[in-house]
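Got your viewer open and the selection tool ready? Let's take a short walk, one selection at a time.

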Amino acid sequence: MQHWARRLEQEIDGVMRIFGGVQQLREIYKDNRNLFEVQENEPQKLVEKVAGDIESLLDRKVQALKRLADAAENFQKAHRWQDNIKEEDILYYDAKADAELDDPESEDVERGSKVSTLRLDFVEDSNFKNKVNYSYTAVQIPTDIYKGSTVILNELNWTEALENVFIENRRQDPTLLWQVFGSATGVTRYYPATPWRAPKKIDLYDVRRRPWYIQGASSPKDMVIIVDVSGSVSGLTLKLMKTSVCEMLDTLSDDDYVNVASFNEKAQPVSCFTHLVQANVRNKKVFKEAVQGMVAKGTTGYKAGFEYAFDQLQNSNITRANCNKMIMMFTDGGEDRVQDVFEKYNWPNRTVRVFTFSVGQHNYDVTPLQWMACANKGYYFEIPSIGAIRINTQEYLDVLGRPMVLAGKEAKQVQWTNVYEDALGLGLVVTGTLPVFNLTQDGPGEKKNQLILGVMGIDVALNDIKRLTPNYTLGANGYVFAIDLNGYVLLHPNLKSQTTNFREPVTLDFLDAELEDENKEEIRRSMIDGNKGHKQIRTLVKSLDERYVDEVVRNYTWVPIRSTNYSLGLVLPPYSTFYLQANLSDQILQVKLPISKLKDFEFLLPSSFESEGHVFIAPREYCKDLNASDNNTEFLKNFIELMEKVTPDSKQCNNFLLHNLILDTGITQQLVERAWRDQDLNTYSLLAVFAATDGGITRVFPNKAAEDWTENPEPFNASFYRRSLDNHGYVFKPPHQDALLRPLELENDTVGILVSTAVELSLGGHTLRPAVVGVKLDLEAWAEKFKVLASNRTHQDQPQKCGPNSHCEMDCEVNNEDLLCVLIDDGGFLVLSNQNHQWDQVGRFFSEVDANLMLALYNNSFYTRKESYDYQAACAPQPPGNLGAAPRGVFVPTIADFLNLAWWTSAAAWSLFQQLLYGLIYHSWFQADPAEAEGSPEARESSCVMKQTQYYFGSVNASYNAIIDCGNCSRLFHAQRLTNTNLLFVVAEKPLCSQCEAGRLLQKETHSDGPEQCELVQRPRYRRGPHICFDYNATEDTSDCGRGASFPPSLGVLVSLQLLLLLGLPPRPQPQVHAHASRRV
């Protein structure tokens, strides 16, 4: 077998030496040494420069934010409240108006709205990926808020003045994207104006539930939610509680910590979490699923619930927010005030706020619940129906905002959010937030107002930050990344845009973006702590197609980005320390001539392809006016047309990219002349030869082979290119085959196997790898050649068959009925086989071809397995369920409204009545489709977790013999690595029976719930919370703490009034006071 292995190694090496052109390309680079310079990437200088540029970019946004927040506070302070304001008095652009006018069932059509809505013209703006109007702001009001209420109309009135500040900000900084004011009343005013992206179902967007608003409106929270599950809580009330808890969880961000418990006579956690855990997406999912399993039984025991909650908050042995501490209790009512518990745990300092929620329709005395909240700096809320949930599970944020407002300027600090998906289509963004305070006073000498008016936000698209990072000088495997205090990535090549559910922030941990190891844990911790550092590590990286894992060396360098909570890192392979920069100054003597007149440009023209091979150019942004296209032929055409007009020193073009492209065009053309053109590819059964370069050129020879070329025209995004740079020797890449797809069709000899290798140059003592060259083997012809090379015959000798009783040795050619001979690559994929029936399975994971043999190779350490999770996967939508569903929003009238006859003649009552009827008819109150309800119309998938498994070569390098013990059907096999390749040569007896089919290794990506969350929270990853905390102020007035309910109105009275309405009273809209009446200023 070792003899056969040497023959295979010699054949592969010989073909690559003749046709690969490695040596010829080295000589070409040396011969053209005057056309380029060798530049150095200095990691420390690079990261410091990029960090400084990002800091400057964000600082400009901070200045705009401060101007907006100051202006908003002054405008509101000067505003005079109007009790009798009417809808027709307010003129504004309603962002949802166009969609509502097109929908005959919309609330405004039903109510006969008199709102004066502007009709605007819009122009397409590529920066916003939207149609916009720069002269106006747009207003979005949540569906479950009545636009005609007095509070909303006054809010619209005073925020109109922000329009001029938005416009002036854009004049000072034309790069500004969305500028947004999110009001605590639910109104969103944003600039520039653009129509709202209306979903197909009901629009559940409420700015107060957006990640950026929540982060800006309050400091981090430690929250314990306790739910009464005594026997009196059943049916609709229990459903209301479950939904309320899920909605409450949605008001928490990754800076917060939470636990949820149920109680009757005893208290117990609803999930496996026994202490406070970070309120991240995966932990909240566990809570939401666990809450659905709550069952009502037993008697109410407030004492057990509160003691459990206080014990949770006093546990100092765990990671937590260490800022606002609160208990949220959901109950249907009770008489016990548990004063002794509060005296023991919370008085006199009252460091824990208590919020109580009376849930459902009942006649219980709610005074004890109100007392609990008022005695512990909290607030009492009522949730009588499904429509009250969204409002009342988020208003606690107003109470938490009090210390922030009272702190004044000290609390006016800009915070930068996690990455999230922009609701208006910008893609991934971060938002700078600044709270806006109510500066009014009720009278001379009165106490300062404690209300937060809202949050001001300015978006920064991640793409704008990426533009500040070096693109192509770092090579194919170098990159820049950034993380926040949670360890979540802000920038990373593996961070994907989220198209599934934009309600959730995009929280990809650095250790999940890459393959985790101890070195990266240390780097992550140092970056979170705001340190500088540099470290060279040996680590594992996934290939671009996620089929392979390579062990590589990488240099990590990192620095903090000042004035932010972010830290920036740079990753460089050692071979990317230096790079080539074209120096075409000798050719560019007459700058008036267009680039198309430069030497070597002619080899980009399709007319040269027949003789010089087909050229694919990387779709890079060479010039601002270059039209992009996914079709490389069309992109090349656009490029050539532009180059006929552009001079080499044009400021609209990136000279580095452009000149390197021209340089590599000429260098690869010389490779055709010196190595390829005079060779007969058919002699060695080659379909094509090729070269790809850092400069963006991929040249495939002969021209006809380009018809079957499926690799990415951007070398930096081509798996073969990146793997060749990271691996020494020849890298084989069989065609990709999925187990579920039909086998390869071996027709017209077009199926080929890529073999590639990096070209390493040594110039002036510097080592670099600017190109990859290779060949494409004809699969069928090389399968036949493989059998001959792994046989005992020499030259043209006729093969001689050997049997078990013969004195000669068996081989892979004549004994293919008895012996299985295969070449498998380092990922465990079949490359070549001596079995004709397996040729169409080339490219499949070998376990799908011979599970028994692949398992033996793994068990004998020829392969090592690496398992990881993809947290950014998108899966087909699941059937609708009620887990954590967002309820349909409706307007929630107060008791005073019910007792006001004028209210019953209003359009608001009519709309409510209709929604109540729909709620009775359709069992959908507790169901919602978040992806469609609040996501883009295109969203059809939901986020999910996929488990990925890759295999790579283990520790065994030598030839190895082993027996697969299958009782009476044992198999002998030999395996040996082929030198200077990524191949394993295996010769095995063919299986005689099927008893060995015991285990099958899986490589295919599979749906998963991810690692066990209950175990993960026992060893949480290192993080740091925001450095500011406002949870206490001695001057806080806690007297506003909610109100008790009046007597419940009679159902008979309600029905009678509604009948009067139906029989003769025309619907007449009246200005209404929303549930936020306490906001009157």
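Predicted model: local features only at pLDDT ≥ 70, side-chain atom pairs only at ≥ 80, totals over all residues.

Residues are numbered from 1 along each chain as its sequence is written, and side-chain values use heavy atoms, leaving out hydrogens and water.

**Stop 1: the core.** Select L604, Y622, F639, L857, F973 and F985: of the 110 residues in the largest nonpolar core, these touch the most other members. (A nonpolar core is a set of buried Ala, Val, Leu, Ile, Met, Phe, Trp, Tyr and Cys residues joined through side-chain atoms within 4.5 Å; buried means under 20% relative accessible area, exposed over 50%, partly exposed in between, with a 1.4 Å probe and protein chains only.) Now colour helix α22 (residues 655–676), which gives the largest share of this core, eleven residues. Helices (H or I, at least four residues) and strands (E, at least two) are DSSP runs, numbered from the N terminus.

**Stop 2: L857.** Which residues is L857 in contact with, leaving aside its neighbours within four places in sequence? Look for I824, F862, Y863, F973, A975, L984 and V986. Contact means heavy atoms within 4.5 Å.

**Stop 3: two prolines.** Pick P348, in the loop between α12 (339–345) and β14 (352–359). The peptide bond from W347 to P348 is cis, with omega near 5°. Then jump to P702, between β28 (697–701) and α23 (719–726); the bond from F701 to P702 is cis too, with omega near 0°.
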